[in-house]
Amino acid sequence: MTGIAITVEACGKTFADGTRALSPISFEIGAGESIAILGPSGCGKTTALRIIAGLEGPDPGGRVLFDGADVTPLPIERRNVGMVFQSYALFPNMSVIENVAYGLRVRGVPRQPRLGQAQEVLAMMRLAEFGGRRIDQLSGGQRQRVALARALAVKPRVLLLDEPLTALDAALREDLRAEIDGLLRTLRISSVYVTHDQAEAMVLGDRIIVMERGAIAQIGTPRDIYFRPASRFVASFVGTMNRLEGAIRGGVFETRAGRLPVDRADAAEAVAFFRPEAARLTPADGAPLRFRVARCHFLGAAQRVYLDAGEGAPALIADTDNRRTWQPGQETGLAVSASDLLFL
Amino acid sequence: MQRTSPLIRALGAGVTFLVSAFMIVPVILSLAAGVTANYFQGIWRSGATIDWVAEVWTLYAGTVFLSLQIALATVAATLLIGVPAAYVLNRHPSRGARAVEEIITLPLAIPGLAIALALLVTYGGFGDFRKSWAFILVGHVLYTLPFMVRSVMAVLAGIDARTLEEGAASLGATPWQRFAHVILPNARPGILAGALMVMTLSIGEFNLTWMLHTPLTKTLPVGLADSYASMRLEIASAYTLIFFIMIVPLLIGLQLFAASLDQTGARNRTGQPAEEIRP
Ligand SMILES: Nc1ncnc2c1ncn2[C@@H]1O[C@H](COP(=O)(O)OP(=O)(O)O)[C@@H](O)[C@H]1O
Ligand SMILES: [Mg+2]
């Protein structure tokens, strides 16, 4: 299975009822690349995926290209894509192996060879013994693997997944996430994985498209998105972000809690963002920023300290080592390297 | 659980028995009259006979066969119209579809007599059509169609047919393959329930049919009314007996079927795993 390159060109979507689900968006997916589309519920992820799949047509002017060929007018059944739905969409009237073989059946593959091929795919998904079962005799995780097997059995040109793990419980979700990751890397198939879960997006996406209200907020590798978010929205949606308000005067960022040297032009109002792991707690004396500890959550491997940032401001979060103990009300210093401060 | 005293329980059982008897005894008496040689002497003195049943059969066998014929044709017609209609309404849930659904359901609220009158006013002039059994068939189809459409639509909504169809489409199935391989087999419970319901309604339908029939197109219920009006009580009762024998197995079938549907309904049908849904 080799993947194809996909080009989405100015695809907007306005539904019949007037809902503007997508402003025209454009992006490219390289051959064999795994793309994750990440964003909060209702931001247009599913709509974007359905336009690539051919389940939904873009507004006039939008185009979808597979390996350079315009597939915009083709319905999904003529695009040769594999699709995995959040609700699995397995056929209850067919056994597991019949489900997996269905794509081959409609392609006219005779019964014996198609059952043989389906069995191979089932074996690849560690479902070899389940071929004869009815769908309602499977657990949620098994159903999702059958849905994947069914989509892969037709050797699609691209695999499209719409929040495939959302219906599963947390532990299972993590197992399947790793399994899908392994699968995508072995098959080297192009894929688009829609999710609202940032961990899934980071594990499964070579690149992540972050969406906000029907538009693309940022496209980049997981590291780009995490370390160099393009907007406040991306910064706060991906991972945890601390926010510190103040002003910049003469190369110094002045806040209520103290002063930090920064390499930036003067600004009467500035907002700095930094990650909890970039925050270092220091002795209070002589520290550039000083806070009182609001509370401390011991998490085993790490420890999350909440700092009181004053009236009306959200607490600042510092992730520290798990040995020291912190008392509420205790005074502490806070240091952040200038390179870890983002002004957005 | 609170314990009820034996007295209250005995009382409850007694009342239940009386009420049941109140309803069932007339049915039994009426049916018994059909096999009684002389009703006025009673079954014990005059003895039992199947002569009346035989006589009804020679007089009215035609109505039984016509009723069956119309019922089967009504089922066929509602299947051909109702199943695709339900499918289309489910697939395109627009405001227009909602209106169509309402219009299809309208005949339920309109008295059968009014439907019949409308048909007579409109098509009464087409002599051959008006005189044929197809005229009654049209009335029955109008009257029973909503039951078929509703029954199939309910099942389609329950199995999330749209997503199933999209799943099939993503695997390369053409619209016709999707309908034949995925929609029809999974809608089967609704189709069967609808067909049984339509069959039962058609066989028992009187209002409409009475208005639409001609002396040559009498159905079983119309013949029954006829015999009540003009024949000996024993004949009418024997006729009821025949009607009963036809309709009861259908009703029982319907009940058993509904029960089995309830059981499959309790299992999860959408493909969502039950264990993750539970809190
Ligand atoms: N068929 C539809 N008709 C009208 N509005 C729709 C339809 N499908 C989705 N929408 C709307 O479009 C927006 C984007 O939806 P969707 O793409 O499903 O978001 P996401 O998958 O990110 O949660 C939402 O506001 C949703 O209500
Ligand atoms: Mg969605």
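How many nonpolar, polar and charged residues does the shell around ligand 1 have? By class, there are four nonpolar, six polar and two charged residues; Ala, Val, Leu, Ile, Met, Phe, Trp, Tyr, Cys and Pro count as nonpolar, Asp, Glu, Lys and Arg as charged, and the others, Gly among them, as polar.

The structure is a predicted model, in which local features need pLDDT of at least 70 and side-chain atom pairs count only at pLDDT 80 or more, while totals for chains, interfaces and linings use all residues. Residues are numbered from 1 along each chain as its sequence is written, chains are lettered from A and ligands numbered from 1 in the order in which they are written, and side-chain values use heavy atoms, with hydrogens and water left out.

**View 1. Residues around ligand 1 in chain A.** The shell (residues with a heavy atom within 4 Å of the ligand) includes Phe15(A), Asp17(A), Thr19(A) and Ala21(A), together with the run Pro40(A), Ser41(A), Gly42(A), Cys43(A), Gly44(A), Lys45(A), Thr46(A) and Thr47(A). Helix 1 (residues 45-53) of chain A gives the most to this shell, with three residues. Helices (H or I, at least four residues) and strands (E, at least two) are DSSP runs, numbered from the N terminus.

**View 2. Polar contacts of ligand 1 with chain A.** A polar contact here is a pair of N or O atoms within 3.5 Å. An oxygen atom of ligand 1 is 2.5 Å from an N or O atom in the side chain of Thr47(A). Polar backbone atoms also take part: that of Lys45(A) is 2.9 Å from a ligand oxygen atom, and that of Cys43(A) is 3.2 Å from a ligand oxygen atom. Taken alone, ligand 1 exposes 560 Å², of which the protein buries 62%; accessible areas come from the Shrake-Rupley method with a 1.4 Å probe.

**View 3. Strand 19 and its antiparallel partners in chain A.** Strand 19 (residues 331-335) is mostly covered, with four of its five residues buried (under 20% relative accessible area, 1.4 Å probe, protein chains only). Strand 15 (residues 280-282) is joined to strand 19 by three bridges, and Thr282(A) stands opposite Gly333(A). Strand 16 (residues 289-298) pairs with strand 19 over four bridges, with Arg292(A) opposite Glu331(A). Pairing requires at least two DSSP bridges between two strands.

**View 4. An open sheet of four strands in chain A.** The strand order is 2-1-4-5, with antiparallel pairing. Strand 2 (20-29) and strand 5 (69-70) are the edge strands, each pairing on one side only. Six bridges join strand 1 (residues 6-14) to strand 2, and Ile6(A) stands opposite Ile29(A) of strand 2.

Notes. Polar contact = N/O pair within 3.5 Å; in protein donor to acceptor, adjacent residues only side chain to side chain. Buried < 20%, exposed > 50% of the residue type's maximum accessible area, 1.4 Å probe, protein only.
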